[in-house]
Amino acid sequence: MTSLPYARIRRRLELSLPKGVVTVGRLLARRVLLAVPLIWAIMTLTFFLLRLAPGDPVVQILGDRATGPQYDQLRHQLGLDRPMLQQYLEFIGNLAHGEVGKSLFSSRSATAVVLDRMPATLSLAIGATILSVLGGIAAGVYAALRKRADGSAVQVAAIVGQSVPDFWLGLVLIGLFAVHWNWLPANGFVPFTESLNGWALSMVLPVVTLGLAAMGSVARMTRAAMISALDREFIRTLRANGVSNRSIVFRHALKNAAIPVTTLIGVRFIGMLSSAVIVEQVFALPGVGTLAIDSASNHDYPVMQALVLYLTVVVVAVNVIVDVVYSWLNPKVRLA
Amino acid sequence: MITWKRLTVGLRRPMAVACLLVLGTLVIAAVLAKWIAPDDPYQQDLSNVLSGPSAAHWLGTDELGRDILSRLIYGARLSLFAGLLCIAVAVLLGVTAGVLAGFFAGRVMILFDRVTDLLLATPVIMILLTVLAVFGPNMNAAMIALGVMLSADFMRLSRGSTLEARSALYVDAAQVFGLSRTRILLRHIVPNVLGPVIVRASTLFGAALFIEAGLSFIGLGARPPTPTWGSMVAAAGNAIYKQPWYLVPTGGIIVLTVLASNLFGDTLLDATVDGAARARPRRWSRLKKQRQATVVSATAVKTPAGNAKSDETLRAPAAVFERDARQAGEGEGPKTGLLSVSGLEVSFPSADGWRPVVTDVGFEVPHRGSLGIVGESGSGKTITMLALLGLVPSPGKVTAGKIFFNGRELDPSRPSSFNVVRGSEIGFVAQEPMVSLDPVFTVGAQLAEPMRHRGRMSSRAAHGRVLELLDLVGMPDPRRAAASYPHELSGGMAQRVAIALALGLEPKLLVADEPTTALDVTVQADILDLFRSLQEQLSMSMVIVTHDFGVLADSCDSALVMYAGEVVEQGPVDEVLSAPAMPYTAGLLRSNPYSAVALGRLPVITGSVPDPGAWPSGCRFQARCAVATPECAEGSIPLTTVTSHRRARCVRVTEAVRS
Amino acid sequence: MNETKKALLEVRDLSVVFASAGRWRKPVTAVNGVSFEIARGETLGIVGESGSGKSTIARAVLGLVRPSAGQMLFEGQDITYAGHRQRRKVAADLSVVFQDPYSSLNPALSIGTILAEPLIAQKVNRDTARERIGKLIADVGLPPDSIHRFPRQFSGGQRQRIAIARALAVEPSLIICDEPVSALDLSIQAQIVNLLADIRDEFGLAMLFVAHDLSIVRHVAHRTAVVFHGSVMEVGPAEQIYGNPLHPYSVALSAAALVPDPKLQRERRRARSGLSRTPAQQTPTATTGCPFWSRCPERMSKCETVRPTLVRATNETSVACHLYGEKV
């Protein structure tokens, strides 16, 4: 009776679409709307943080032997002599067009520089995620079904796996598989456009290195979630009414258990983006990691800003995917 | 919820103690490095670089011939301090903000949501690199920044537990009684928040240590020659071809530290989860929490006399078993009814062996008959019902008894022997419809499943049958109901769906566990009507487990009254309710407010149901019975025949019925 | 109901509206214009099904939910939007027993501390408090050493005794009992009901007794109010509402109650099926009229659009139904 016109229109619109589509559509719209201020806030934060840094990029570029006027000229050229607020407004203006300026060193667009490096990092993080999801869920389900000795063995292995620093694990794997047995390349990246086989071989160790810890935590979460799902009331009702054990475990319990596991996988993926920076160093992969470290030490602001922008976009995208999967798994999720 | 109490229990576990010892040793070694370290960590010896372990250098030497052990001990100072600093910042910021946001709720919550969203979406590594660029190689600044970002995690966590604690009725009570907000926060809320925070902090300490070591590893930590764990791993990596051993102690120390803190958190968490599971009683019925208390109180409050008697209860089942073996020997083979149970005993492991919780239960359900099993919590009615389905919850098991169903014998001690009848010949309706349906599948999908797999129907046929069933149980719009999820239905509707699930394969027996307890009065009446009409239409038999004599009177034709794990009275409902033969049944009926005089006192049975460990010898009701005689304590009381089809377990049966 | 001057608690046109989760959803009206009063020493029962708003009424009186409209007077002072300080004063005379004796006692505190808290809030000195707690424990029939124990060491019935002792600690004039026995077994339920009746008579307390069951309320209360979807449908003497209800909803509620007498129950069942009715599951549609309209066997066209107000039907009973509105 009292519903506002837009609410009524919205409801009518939704009635003409299947329920799931509406949910997902609304979810996406909401997420994108929220992402805009989020990206703005993070970019602003890093903009001012970077400007606070001691050390002058101009000195970095020209070296410390140039004369005063030369410095000033370059500073003017790069727009670094204008008031901070003006620089900021310009920056935001560019950002609205998806640009963050040119790299101070290569004079290429900073976003292009970053985009060049994304494939290696993303294939590393995605590969590690796939490994941790497949391995972790399988181990977790197994551990949940065998509560006693086997189950706790998996549990202990998972905790140990989580306690191994990835950069060290990478070195140990290199030591064993590359140095000792010489089965796999120690480092280097072969783009898959060059050789699919070479690419796969070059990714094995980095992916295992990055994925192992996440696999441990996925296994533990899966085990806990499976045990609590199997303990729920409806399991008994279904069993009592003739649903087979296999379906109880792999259909009902697993789908319920997948709900918290999905959230964890999203969190782990985001964490892997950070760990990847370090793992890339171990295997000398040309990902965003090296770029990030170099641009940080060179004060190449535009490239750092572009890195922040891309990583934030990836984080937002992952969160959207997690939300979509989540709402598919859990029909109770209605948008707030 | 991880309460403070349960956490302290976890702290006493050997594993937790061991972890704390490891971490404590590391901290002490770091603090006392000057006196403990065997060598000067900066003392180079280029004649002895990259040596393996030796008497002079227990863990070998590094690329400049420095003692690795000493460098690790000095390195611990930086690494442990960095981890602690980060966690301290995160906990202080996050917990304060989270608790306040949870306690004061309202608009503040929205603000906190936005801030946590922001912090969680920020690319951690980029911020750290920026901070390191801004402040130079200053790990403390980076760790404070990391702490700020991790505080989002503690904010969510502590806000969640604050909200949970805040919704507890004892917080409402504290508010009603006018306690100050400070006291409510400190006494009632914060203790509930600390548990989860400590568990999480111990995990995130490891994560912070990883990041610190990682940054040092890529050369952004303290400048050489200052020893850090991360830079030592990096050096070991460079020497991987020459001295692989170097990797072992440098990584090992990180693994050891992080493992100790992870295991510590895990042990605490485990202790709290186990604590909850252990406290969970072996019996299943209305209020799980209720029994949780009774079980504990039995061990804590009961007098030593209870212990003295436990021997006797342990011996008793054997006797019962013998007697039943004899009985079974007499009347071999299935009896006339659809279901026949005799000498059923269910036991759970206890400190002193298998302890029976249900003993010597026997009854029959004729074709198209309906039996009501009635009793209070702790009577064993639910366990008896689960035994009928072969679903006695682990670690319990059926330790004696025979079950004949529809002309075949089911071995109650072997749950798998029930697989053939569950669903197809026996259907089950649980107490709470909302939790007895799988929340993530549609009603249609759940109903169709047994038909497709057990009934081997095609998916189309199953769907058609689902709609028929939903119509049969009185759902107004079967098509819409099939497409909805359980949470979209009202309680009464969900119970109709649960009934449809039980009827899927046209069972001959429907077992219902308190099927209307969770429902409103008017809905309850409708559901009972539905049961009755379904029973007629499908000519089924029914077993209804209930605590409510009203349900018994309404829907059953014979009654089985249970008390403290045994049958105390059985017979036709009309007779049992109009002239109870056992003082317990009579007392319960009298204390029903329906029959009492308004504003007068209700006649009561004093005391409460004894727990399995505390059953007295003889009549288990004797302590609460107004007409008990010394005779009642002598040996086990058999079920006595009252009239041709009524039996009661009471030495004064005949008197009771006469009066 | 003209003895308003003497009323201990007076509630006028109380409404509680909850903003539902989600900005675009309609707020939920849990309580819709409820009025009642309780005299000193009187017990008023409030009966309703789940979602009827009966507990929300109790929580509003206790200051745990904020009323959106209406007025509440306790001992003559307006407590509708009482702040923390005023609530603390009110707490000296108003206390509570909740339904769930598990969640209502903090598991981490000893019984002694739990019982001391209301006294601490009232700044009672230590010695007086200790003495008082000892007496309370005895009053509710618990062993004296209980004060050193923790809630988990007690059964449901015993915990409810502790909750009652806590409610008595400040010597209140009114206790709000929110379904105090619904979670208990039948034999324990009777013990607790008797205990409540005893303390009420001994201390001359007034009570607001919320329940979902007419028979228990009849046993405890002097008067009963039947609520449905946030509104009072009928209020009058407990015995009359139990035995001879007037409002069609009270009739339905009473007819649906089960009695432990098979012959009588069979008759009642027959009588109930004689009432023409739509299934109880049907959720009431939004309406400007009577909330019970869609389920009412005696509905008239007027019922859908015009909301009936409480009117005198007999000397002591008021009913919100057009059937009775016309008679007067």
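1. Basis of the model. The structure is a predicted model, in which local features need pLDDT of at least 70, side-chain atom pairs count only at pLDDT 80 or more, and totals for chains, interfaces and linings use all residues. Residues are numbered from 1 along each chain as its sequence is written, while chains are lettered from A and ligands numbered from 1 in the order in which they are written.

2. Confidence. For the complex the predictor gives an ipTM of 0.90 and a pTM of 0.83. In terms of pLDDT (the predictor's confidence in each residue, from 0 to 100), chain C has a mean of 87, with 91% of its residues at 70 or more. The mean for chain B is 83, and 88% of its residues reach 70 or more; over residues 276-335 of chain B, however, the pLDDT is below 50, although this stretch has 89 contacts in the model beyond near neighbours in sequence. Two residues are in contact if their C-beta atoms, placed from the backbone, lie within 7 Å. Where pLDDT is low, the predicted coordinates should not be read in detail.

3. Chain C. Its secondary structure comes to 12 helices and 12 strands, these being DSSP runs numbered from the N terminus (helices H or I, at least four residues; strands E, at least two). The radius of gyration of chain C is 21 Å, close to the 20 Å that the globule rule gives for 328 residues, so chain C is as compact as a globular protein of that length; the radius is taken over C-alpha atoms, and the rule is 2.2 Å times the number of residues to the power 0.38. Buried residues (20 or more other C-beta atoms within 10 Å of their own, with C-beta atoms placed from the backbone) make up 53% of the 328 residues in chain C.

4. Contact of chain B with chain A. This contact takes 60 residues from chain B and 58 residues from chain A. On the side of chain B, the elements that give two or more residues include α9 (181-217), α10 (229-238) and α11 (247-279), and the largest share, 9 residues, comes from α11(B).

5. Helix α9(B). This helix bends by about 45° at B:V190, and a proline, B:P191, follows within four residues; the bend is the angle between axes fitted to the seven residues ending there and the seven starting there. Because 27 of its 37 residues are buried, α9(B) is largely enclosed by the rest of the structure. After α9(B) comes B:G219, whose phi is positive, near 85°.

Key
Buried ≥ 20, exposed ≤ 12 C-beta atoms within 10 Å, placed from the backbone.
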